[in-house]
Amino acid sequence: EQQGFLTIADKQFSEEVTFADASLFTMFILPTKQGDGTKILQTPSNVILSEETAARFFGEAEPVGSPCA
């Protein structure tokens, strides 16, 4: 884990982040609410968020497909 900074819309967040690739889902069985984690992590710029984090970042807006930098 390391400290990362994310910008979503006009808000900035300082978060502890963990980097992983698609092999994470071959080593562990991890449920996702939407989508296939293996496919999501094949693109380096994609992220997987917990429901709690998604709600904090995006509120009621749909987080899937929303940009964060």
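# A chat about a predicted model

Visitor: Is Ala 9 buried or exposed?
Guide: Ala 9 counts as exposed because its relative accessible area is 73%. The cut-offs are under 20% for buried and over 50% for exposed, with partly exposed in between (1.4 Å probe, protein chains only).

Visitor: What should I know about the model itself?
Guide: It is a predicted model: local features need pLDDT of at least 70, side-chain atom pairs count only at pLDDT 80 or more, and totals for chains, interfaces and linings use all residues. Residues are numbered from 1 along each chain as its sequence is written, and side-chain values use heavy atoms, leaving out hydrogens and water.

Visitor: Back to Ala 9. Where does Ala 9 lie?
Guide: Ala 9 is in the loop between β1 and β2. Strands are DSSP runs of E, at least two residues, and helices are runs of H or I, at least four; both are numbered from the N terminus.

Visitor: What is its phi?
Guide: Ala 9 has a positive phi of about 55°, although Ala 9 is not a glycine.

Visitor: New topic. Which residues make up the largest nonpolar core?
Guide: Leu 6, Ile 8, Phe 13, Phe 57 and Phe 58, 5 residues in all. A nonpolar core is a set of buried Ala, Val, Leu, Ile, Met, Phe, Trp, Tyr and Cys residues, joined through side-chain atoms within 4.5 Å.

Visitor: Which elements give two or more residues to this core?
Guide: β1 (2-8) and α3 (51-58) do.

Visitor: And what does Ile 8 touch?
Guide: Ile 8 touches Phe 13, Phe 57, Phe 58, Pro 67 and Cys 68, not counting residues up to four places away in sequence. Contact means heavy atoms within 4.5 Å.

Visitor: What do nonpolar side chains tend to do in soluble globular proteins?
Guide: They tend to be buried together.

Visitor: Which residues make a nonpolar surface patch here?
Guide: Met 27, Phe 28 and Leu 30 make one of about 320 Å². Patch residues have over 30% relative accessible area and no salt bridge; nonpolar side chains (Val, Leu, Ile, Met, Phe, Trp, Tyr) are joined within 5 Å, like charges within 9 Å. The areas come from the Shrake-Rupley method with a 1.4 Å probe, and for residues only the protein chains shown count as cover.

Visitor: Tell me about Leu 30. Where does Leu 30 lie?
Guide: Leu 30 is in the loop between α1 and α2. Leu 30 counts as partly exposed, at 38% relative accessibility.

Visitor: And Gly 35?
Guide: Gly 35 lies in the loop between α1 (24-27) and α2 (37-40). At 54% relative accessibility, Gly 35 is exposed.

Visitor: Switching to charges. How many salt bridges are there?
Guide: The whole structure has 2 salt bridges. A salt bridge is a side-chain nitrogen of Lys or Arg within 4 Å of a carboxyl oxygen of Asp or Glu.

Visitor: What does Glu 15 pair with?
Guide: Glu 15 forms a salt bridge with Arg 56, with the closest N and O atoms 2.7 Å apart. Glu 15 lies in strand β2 and Arg 56 in helix α3, so the pair ties together parts 41 residues apart in sequence.

Visitor: Are those two buried or exposed?
Guide: Glu 15 is buried, with a relative accessible area of 17%. Arg 56 is partly exposed, at 41%.

Visitor: Which residue does Glu 51 bridge to?
Guide: Glu 51 forms a salt bridge with Lys 33, and their closest N and O atoms are 3.2 Å apart. Glu 51 is in helix α3 and Lys 33 in the loop between α1 and α2, 18 residues apart. Both Glu 51 and Lys 33 are exposed.

Visitor: What about Thr 53?
Guide: Thr 53 sits in helix α3. Thr 53 is buried, at 15%. Its side chain makes a polar contact of 2.9 Å with the side chain of Ser 50. A polar contact is a pair of N or O atoms within 3.5 Å; within protein, one must be able to donate a hydrogen and the other to accept it, and residues adjacent in sequence count only if both atoms are side-chain atoms.

Visitor: Last one. What does the side chain of Asp 21 make a polar contact with?
Guide: The side chain of Ser 23, at 2.4 Å. Asp 21 is in the loop between β2 and α1, and Asp 21 is partly exposed, at 44%.
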